[in-house]
Amino acid sequence: MTHDITAHAELLAVRRANEKLQPPFLEGTEMYASGQPCPMCMAAMHSANVDKIYFAYSYEDGEPYGLSSTHILEQLKKPTDQQTIEIKHVTPSDVDEHPYEMWINQS
Ligand SMILES: [Zn+2]
């Protein structure tokens, strides 16, 4: 058992598929999950370009068992300054080179 709160089955499957299939994106793949994927896993699958997702139990089905992500979706729909996590947008200053430029130029 892992204590990694991000170790959801779908996320682990995306990571393993990327390792095995090599290309960074998973076009043409399908995901099968027992429960409706949480927002973190959905974001990973969107980022990886998974084509299709099947799930058996909805957030509503999982609610009595604490297996719903409805509360997270509600937070994500709010502007950053209205979410329960304090989120601050800080403006970088005094940088010689923009970090995104440095990142894109290294590859
Ligand atoms: Zn998940």
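In which loop does Ser69 lie? Ser69 is found in the loop between α3 (59-62) and α4 (70-77); helices (H or I, at least four residues) and strands (E, at least two) are DSSP runs, numbered from the N terminus. The model shown in these views is predicted, with local features needing pLDDT of at least 70 and side-chain atom pairs counted only at pLDDT 80 or more, whereas totals for chains, interfaces and linings use all residues. Residues are numbered from 1 along each chain as its sequence is written, and side-chain values use heavy atoms, with hydrogens and water left out.

View 1. Leaving aside residues up to four places away in sequence, Ser69 touches Cys38, Pro39 and Tyr59, where contact means heavy atoms within 4.5 Å.

**View 2. The zinc site formed by His8, Cys38 and Cys41.** The zinc ion is coordinated by ND1 of His8 and by SG of both Cys38 and Cys41, at 2.0 to 2.3 Å. Donors are N, O and S atoms within 2.8 Å of the metal (3.2 Å for Na, K and Ca); water is not among the atoms, so sites may look incomplete. Along the chain the donors follow the spacing H-x29-C-x2-C. Distant parts of the chain are linked by the pair of His8, in the segment before α1 (9-21), and Cys41, in helix α2 (residues 39-48), which lie 33 residues apart. His8 is partly exposed, at 29% relative accessible area, whereas Cys41 is buried at 1% and Cys38 is buried at 10%. The structure holds zero disulfides, a disulfide being a pair of cysteine sulfur atoms within 2.5 Å.

**View 3. The largest nonpolar core.** Ten residues make up this core: Leu11, Val14, Leu26, Met31, Cys38, Cys41, Ala44, Met45, Ala48 and Val50. A nonpolar core is a set of buried Ala, Val, Leu, Ile, Met, Phe, Trp, Tyr and Cys residues joined through side-chain atoms within 4.5 Å. The elements giving two or more residues to the core are α1 and α2, and α2 gives the most, with four. The buried residues of α2 are Pro39, Cys41, Ala44, Met45 and Ala48; they pack against α1, β1 (30-35), β2, α3 and α4.

**View 4. Asn49 and Leu26 beyond the end of α2.** Just after α2, Asn49 takes a positive phi of about 65°, although Asn49 is not a glycine. Asn49 belongs to the loop between α2 and β2 (52-57) and is partly exposed, with a relative accessible area of 31%. Among the residues that Leu26 touches, not counting those up to four places away in sequence, are Asn49, Ala48, Val50 and Asp51.

**View 5. The largest pocket.** Its lining comprises 24 residues, of which His8, Gln36, Cys38, Leu67 and Ser69 lie nearest the centre. At least two lining residues come from each of α1, β1, α2 and α3. The volume of the largest pocket is about 590 Å³, a volume being the space filled by probe spheres set on grid points joined across faces, edges and corners. On a 1 Å grid over the protein atoms alone, a pocket is an open set of points where a 1.4 Å probe fits, with protein on both sides within 12 Å along at least five of seven lines; lining residues have an atom within 4 Å of a point.

How values were computed: Buried means under 20% relative accessible area, exposed over 50%, partly exposed in between (1.4 Å probe, protein chains only).
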